Amino acid sequence: MTNQQTAVAVFGGGCFWCTEAVFDELRGVKSVVSGYAGGTTKSPTYEQVCSGKTGHAEAIKIEFDPAQISFRDLMTVFFATHDPTTLNRQGNDVGTQYRSAIFFTDDQQKAEAASFIKELEEAKTFKNSIVTSLEPFTDFYPAEDYHQKFYTNNPYQPYCQYSIPPKLNKLHKQFSTLLKSHGKSI
């Protein structure tokens, strides 16, 4: 058996409950952790991040196998399952902690993300301009335990029932070949 190589992608796309639920279903994704990235406060709490004063975004850290899913595939799903054209906002969630961001881990990810955004803009994929920031990955702080696998553990929570199913439906409809369950009966 060969050792599987893994890579890391870090995305901020609004509420991490939503983004975690989406990326957790993709093949090649080994783990998805909800947390905080892009700020200045060391080891922030959820309450501190929600204040908007730490500079952090709610984000997910994805460990993935690039032999099974590419960074480009991850970005394609990322841009399709949140609104990258609203500054510091996703739906009713407002503040810098809900910004659309790619926290690139190296120069290759930065270049690939910049090129991908340019492609989307040139193709006029969205009615409005993309405001997704490209920020260097520095620190990632896992969110409190109760935030991990939130949708899986709380599917009947009102926010989950309202916000997450449309994203999952879009994922299943547009990206069925990227799903862990592709080719299996569900």
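Analyst: Helices and strands here are DSSP runs, numbered from the N terminus; a helix (H or I) has at least four residues and a strand (E) at least two. The model is predicted, so local features need pLDDT of at least 70 and side-chain atom pairs count only at pLDDT 80 or more, while totals for chains, interfaces and linings use all residues. Residues are numbered from 1 along each chain as its sequence is written, and side-chain values use heavy atoms, with hydrogens and water left out.

Two more terms come first. Buried means under 20% relative accessible area, exposed means over 50%, and partly exposed lies in between (1.4 Å probe, protein chains only). A nonpolar core is a set of buried Ala, Val, Leu, Ile, Met, Phe, Trp, Tyr and Cys residues joined through side-chain atoms within 4.5 Å.

The largest nonpolar core has 42 residues, and Phe11, Phe23, Leu26, Leu74 and Phe79 touch the most other members. Elements that give two or more residues to this core include strand 1 (7-13), helix 1, helix 3 (71-80) and helix 6 (158-174). Helix 3 gives the most, seven residues.

Take Phe79. Contact means heavy atoms within 4.5 Å. Leaving out residues up to four places away in sequence, Phe79 touches Pro84, Ile102, Phe116, Ile117, Leu120, Phe126, Ile130 and Thr132.

A second, separate core has seven residues, among them Ala37, Ala57, Ala59 and Phe103. Ala37 sits in strand 2. Ala37 counts as buried because its relative accessible area is 0%. Its contacts, again without residues up to four places away in sequence, are Val10, Gly55, His56, Ala57, Ala59, Arg99, Phe103, Asp139 and Phe140.

Helix 1 (residues 16-23) is mostly covered: eight of its eight residues are buried. Among them are Phe16, Trp17, Val22 and Phe23. In soluble globular proteins, nonpolar side chains tend to be buried together.

For contrast, look at two loop residues. Ser43 lies in the loop between strand 2 (29-37) and helix 2 (46-50). Ser43 counts as exposed because its relative accessibility is 52%. Its phi is positive, about 50°, although it is not a glycine. Lys124 is in the loop between helix 4 (107-122) and strand 7 (133-136). Lys124 counts as exposed because its relative accessibility is 68%. Its phi is also positive, near 55°, in a residue other than glycine.
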